[in-house]
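Colleague: Can you walk me through this model? I'm new to this.

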2 protein chains.
Amino acid sequence: MIEPAVLKGFRDSLPKEEIPKKKIIRKLEDVFSSYGFVPIDTPVLEYTEVLLGKGGGETDKQIFRFNDNGGRDVAMRFDLTVPFARFLAQHQAELGIPFKRYHINKVWRGENPQKGRYREFIQCDFDIVGPDNAESDSEILMMMNRSFSALGIDGYTFHLSHRGMFNTFLSSIGESGRSVDILRTVDKLRKIGRDETLSLLSGITGDEAKAGKILSFISADEGSFMDTLEKLEELSGGRSEASERMRAIYGMLDEAGIASSFVFDPSITRGLDYYTGLVYETFLDALPSLGSVCSGGRYNDLASLYTKEKLPGVGSSIGLDRLMAGLEELGSPLLASSSSADILIVHRPGEEGPAIKAAELIRDRGFRCDVYLMPEAKMKKVYAYAENRAIPYLLTYADGTYTLKDLRTREERKAGTAAELLEGIAIG
Amino acid sequence: MIEPAVLKGFRDSLPKEEIPKKKIIRKLEDVFSSYGFVPIDTPVLEYTEVLLGKGGGETDKQIFRFNDNGGRDVAMRFDLTVPFARFLAQHQAELGIPFKRYHINKVWRGENPQKGRYREFIQCDFDIVGPDNAESDSEILMMMNRSFSALGIDGYTFHLSHRGMFNTFLSSIGESGRSVDILRTVDKLRKIGRDETLSLLSGITGDEAKAGKILSFISADEGSFMDTLEKLEELSGGRSEASERMRAIYGMLDEAGIASSFVFDPSITRGLDYYTGLVYETFLDALPSLGSVCSGGRYNDLASLYTKEKLPGVGSSIGLDRLMAGLEELGSPLLASSSSADILIVHRPGEEGPAIKAAELIRDRGFRCDVYLMPEAKMKKVYAYAENRAIPYLLTYADGTYTLKDLRTREERKAGTAAELLEGIAIG
């Protein structure tokens with residue numbers, strides 16, 4: 001006998017998780033499609049060189065890498081961005097530019113598992129590649145807004161900033177040379193607090209006054225988006241190409257009637273060097289400590305590893321596991337509804353004919369109907385089955401009569417046909 | 001620069017494949033849900049011992065197996081059946097019996113790639129575990145029928161047989177000892193033809209007369225399901241538990257009004273030892289040479305490797321790649337429709353406001369609307385973009401007027417609001 005167990009850091013998805021996960025993914029896919037974004041998929045296994053570049057690097061230890069039976073050095077993808085870059089370099093002529101894609105699938109990292117962190121998890125990425133303009137930046141943001149709205153989340157706020165404005169500011173105080181270290185520190189503000197950030201910045205710049213200036217910049221908050229933007233322009237020496245882009249983006253969000261969901265938050269920097277323009281994070285208003293559930297920004301060049309052609313773009317990633325944890329904490333009906341069927345049918349042994357006919361009719365009407373397949377079982381078992389699966393209605397058939405019972409209210413109705421009993425019920 | 005290439009036997013899924021694939025999967029999921037089947041997922045990586053049993057076996061060379069960074073012997077799943085057995089042994093108490101699940105996801109095999117065979121492919125499995133009765137057998141078949149109907153396929157036929165009836169027959173001619181070899185040979189009939197099958201059977205049994213009897217049995221076809229069933233009962237020495245089960249199953253299919261899609265075909269044996277009762281394959285009437293697109297049967301004991309508890313069941317697997325190839329050959333509208341949006345909006349530089357508003361309105365109405373994000377581009381490029389993505393309508397905005405053009409008929413209509421132009425159009 002072999003112990004049935006999964007690997008450390010891996011987990012099964014049981015129906016009570018998998019049903020809401022699929023619902024959420026469908027809603028997101030519907031929104032993405034409504035913006036003309038198309039789905040793609042790529043192999044789980046790739047040449048290690050394709051994923052890591054020549055030589056590899058720090059990521060090495062975190063990836064599942066091995067030699068296949070043909071002796072090839074291969075690895076499982078650790079994100080969806082690198083495969084997308086390879087994909088686009090390879091198929092660009094066929095796909096055409098602008099290219100808007102989404103990709104929702106699993107990735108693998110050999111990190112040490114901790115609470116809420118797994119070695120196998122789902123990423124949900126969407127990007128617009130080709131144009132470098134405010135139209136694209138704002139379209140990604142509008143699509144994010146519609147996505148969160150479609151998930152029925154009440155309060156969420158998109159925190160926007162611009163790398164270029166921050167870089168201009170750092171230049172203006174003579175600190176552009178240390179921008180990478182400063183960016184990484186600023187990125188931690190939300191986690192480590194003002195005092196700790198100030199002390200780290202003093203260490204990096206060797207200048208308490210400068211550290212204070214940086215902290216004032218990233219803490220600027222004049223209430224409204226435009227007032228904060230103007231304040232930041234003032235702090236970084238006036239209007240610039242970067243700040244004009246932010247003005248244009250805000251104008252478009254305003255045209256779309258959704259500007260109130262967006263704030264200018266200069267503490268958002270996104271640690272990675274990769275980003276060059278607009279950057280953003282998304283917070284659920286009721287759960288600030290959850291962290292960002294959708295982050296991303298504009299980059300200069302997606303696929304420089306594989307092609308000489310410049311492919312600028314803007315893209316986001318939704319942290320699906322974190323988002324689901326948040327929705328659960330908020331008591332979202334999406335998470336609560338993992339019922340496997342709307343109606344359970346039970347019949348007595350040998351009376352399956354009318355039960356089958358009723359079941360098929362119920363399915364024709366668009367309801368989900370589960371037939372209990374052990375007609376000889378005691379009703380106690382049937383109730384336990386329905387309860388375990390959160391099925392709200394029980395339809396029984398015996399001696400020519402159908403009885404529909406609402407298992408929540410225990411109300412019963414009887415009729416000679418199943419169709420009659422369907423009249424009153426509406427299930428989502 | 002790194003050559004952007006995928007591994008041998010692997011492939012990218014471009015939007016023109018991925019869009020129809022997602023549509024097909026959604027339709028199948030909707031049907032499965034309508035029967036109360038629930039989705040599950042399992043890790044891509046498992047302990048090799050869990051997947052192969054102690055020692056492993058012939059499958060060994062075909063699987064992607066390696067030691068992870070923690071020195072564990074791990075492998076990528078090569079089917080969805082073994083992980084399901086492990087899953088059920090592990091979670092049975094929580095899930096409850098009967099358990100009806102579906103699982104649609106990728107599996108990996110290191111086979112030598114050939115035309116239409118890949119090292120990474122999608123399986124679509126569904127099973128009912130727990131009861132061993134005609135109700136369950138016929139429910140799986142009903143669900144298969146509804147699935148193929150939901151995909152809009154005109155002609156398909158389910159070929160049913162029963163392992164037990166064949167075994168009874170083999171006993172009656174004193175050949176039950178060689179049943180494994182005989183089953184494997186019979187399974188090839190469709191591929192190698194009658195003469196070759198007869199000669200192989202003669203070789204196995206060492207008796208031409210017996211080989212002839214076997215061939216008569218597996219070729220029995222009296223026209224109707226029930227007539228063939230009766231003929232087979234006659235050839236295997238009368239009614240038996242197995243033949244009574246087939247009678248009961250047929251009765252239920254008849255109650256459901258779908259019996260005409262089913263034939264009794266004793267040449268169906270399914271090579272594997274695994275099956276113990278009902279077995280079946282599914283053929284598209286217009287494409288008999290495509291092979292079976294949905295196969296399966298009843299088994300005695302799903303998870304004997306991991307638990308002492310007997311878990312009988314019945315289950316099927318749809319070959320999604322083969323099915324998609326068939327649908328394409330049949331000119332199915334599902335495969336043809338890979339358009340990325342219903343309407344493409346183009347505006348002149350600086351006139352994005354009304355375009356954004358129109359786009360959001362169009363999405364609110366349930367249409368998919370792509371905004372062309374390079375307003376400075378020539379119209380020639382816009383048309384190429386729309387054609388490449390099979391977008392049927394173009395909405396332009398300039399100087400206060402919206403123009404909607406049907407790109408197939410070149411008809412144009414103009415109006416002062418986008419809403420007016422939506423009146424006439426219906427897109428699927």
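Modeller: Start with chain A. The centres of domain 1 and domain 2 of chain A are 49 Å apart, taken over C-alpha atoms.

Colleague: Which residues belong to domain 1 and domain 2 of chain A?

Modeller: Domain 1 is 15-42 + 77-335, and domain 2 is 341-422. Those bounds come from an automatic or database domain assignment. Residues are numbered from 1 along each chain as its sequence is written, with chains lettered from A and ligands numbered from 1 in the order in which they are written. This is a predicted model: local features need pLDDT of at least 70, side-chain atom pairs count only at pLDDT 80 or more, and totals for chains, interfaces and linings use all residues.

Colleague: New topic. Which residues of helix α9 of chain B are buried?

Modeller: F225(B), T228(B), L229(B), L232(B) and E233(B). Seen down the axis of α9(B), they fall within an arc of 140°, so they line one face of the helix. The arc is that of the directions from the helix axis to the C-beta atoms. Buried means 20 or more other C-beta atoms within 10 Å of the residue's own, with C-beta atoms placed from the backbone. Helices are DSSP runs (H or I, at least four residues), and strands are too (E, at least two), numbered from the N terminus.

Colleague: What follows α9(B)?

Modeller: G237(B), whose phi is positive, near 85°.

Note on methods. Buried ≥ 20, exposed ≤ 12 C-beta atoms within 10 Å, placed from the backbone.
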